[in-house]
Amino acid sequence: MHRQASPLLHDYKPASTTEPNKSRAFKWFAVGLGLPLLGLALISTLDAPNKAIEPASDAPVMTAIEGEAISPVETAGDAVFSPTPLVLAPEPEFESLTLTIRSGDTLDQLFRKHNLDLGHLTTIASLEEASQRLRKIKPGDVFEITHDNGKLVSMYSALSLTSALRINREETGFSAQLIERPIEKRKRNGHGVIQTSLFESAAEAGMSDKVIMNIAGIFAWDVDFVLDIRSGDSFYVQYEEIWQDGEFITDGEIVAAEFNNDGSTHRAIRFVDDSGRTDYFTPGGHSVRKAFIRAPVDFTRISSNFNPRRRHPILNTIRAHRGVDYAAPRGTPIKASGDGKVIFRGVKSGYGNAVILQHGGNITTLYAHMSKFAAKARVGARVRQGQTIGYVGKTGLATANHLHYEYRVSGVHRNPRTVELPKADPIAEKYRERFLATTAPILEELERFKSTKLATVAFADQ
Ligand SMILES: [Zn+2]
């Protein structure tokens, strides 16, 4: 069954839903727009730490050679260090201290409060590897410190799930190093049969909201999870759990999933290409996505539809409205509706701050009245579907905060809410063989899991 379901979730009024659990239904309504992207968004969040640490492995370890303030003689202290060689690792007699940043804290204040050497703070803050971390602290950040009567010996702070900063006092000063914190991915299978909602069935199956949202995000292009769900619909999923040092951290990506909805079966399987980009395809290699999101902003309502003869609210003349206006609070992120290239960014008369993207198939999209642009969406930059390109505002001819969104095919304006959206590209030809080879065993595993579940059901029925 192919319908342009989820991106249109917002076209349905939440009040009209017959979903028994209203808050859930509304939750679905509210997340509807985000869903098609959610899978991707979560993936990029998970990916980000991995990417962030890449430079670290290549980067040289920076060593401060700023002499005087931290000469070994001065900092070592006779009792602790033998003159040569210098002991670098923290010793048990050092005091340890955990600093947790709260709102309004500065490291400077915290160093003062705990009688730590401020000169050391200045020195380590100037280390290339450490400076960014130490300048941009935020509530919740944790710094584990060892010191010797206020003289800093070491400092450790997690930067992300997979990386951390470590500072050590060395013979010649301080060294700062970005270190990897390895994570382990464990596979888990999940299965649920829907009675009332996807959420409830998955919760019963012991799965977190995150996994459920990911499943919904992947199938959102084909299944409307508010309106299309039928009692008896079922799903099978294989997903990752992220573990670190033997502890469960969080649920990770979906590896493969099957969703049986009202008699039709949808399957999706993950593929990560050489650039690290994750996407989901059918077992045959077709994309499960469309090339465009229907509405590129999380909006509160549609304030003006595509209308060739509309009275302009400010100009008070009949003027074609060649886009859709999505009302949303100022600052709401505006997403690129499809992969493309920024061909315009700037002030464009009545449009105010606007961005125009060029996509494949001679399609362009325009986003107007932005309060500000996203830094990365510069002219010439490539953007991904779902990437934030700017923020809702009311620059140009606009009476209230909203996104004015246009979709043109070969220069002709089409109604963004009804135009038939092209499917996203299938698996690239160069990956096809690898895709089939790597996904076959995963699909087999999913089938095996499915048959054990079906067998259990059959047994229980007797
Ligand atoms: Zn408009």
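The zinc ion has as its protein donors His321 (NE2), Asp325 (OD), Asp325 (OD) and His404 (ND1), at 1.9 to 2.7 Å, where donors are N, O and S atoms within 2.8 Å of the metal (3.2 Å for Na, K and Ca) and water is not among the atoms, so sites may look incomplete. This is a predicted model, in which local features need pLDDT of at least 70 and side-chain atom pairs count only at pLDDT 80 or more, while totals for chains, interfaces and linings use all residues. Residues are numbered from 1 along each chain as its sequence is written, and side-chain values use heavy atoms, with hydrogens and water left out.

**Zinc site**
- Along the chain, the donors of the zinc ion follow the spacing H-x3-D-x78-H.
- His321 is buried at 3% relative accessible area, and Asp325 is buried at 7%, where buried means under 20%, exposed over 50% and partly exposed in between (1.4 Å probe, protein chains only).

- Three strands form an open sheet in the order 16-22-20 with antiparallel pairing; strands are DSSP runs of E with at least two residues, helices are runs of H or I with at least four, and both are numbered from the N terminus.
- Strand 16 (333–335) and strand 20 (372–373) stand at the edges with a single partner strand each, so one side of each has no neighbour in the sheet.
- Strand 20 and strand 22 (residues 388–391) pair in the antiparallel sense over two bridges, pairing being assigned if DSSP finds at least two bridges between two strands.
- Phe373 stands opposite Gly390 in strand 22.

**Salt bridges**
- Arg112 and Asp108 meet in a salt bridge at 3.0 Å, N to O, the term denoting a side-chain nitrogen of Lys or Arg within 4 Å of a carboxyl oxygen of Asp or Glu.
- Arg112 and Asp108 are four residues apart in helix 4 (residues 107–113) and are therefore separated by about one helical turn.
- Glu447 forms a salt bridge with Arg267, with the closest N and O atoms 3.6 Å apart; this pair links distant parts of the chain, Glu447 lying in helix 9 (residues 429–461) and Arg267 in strand 10 (residues 264–272), 180 residues apart.
- Salt bridges that share partners join Glu258, Arg267, Glu447 and Lys450 into one network.
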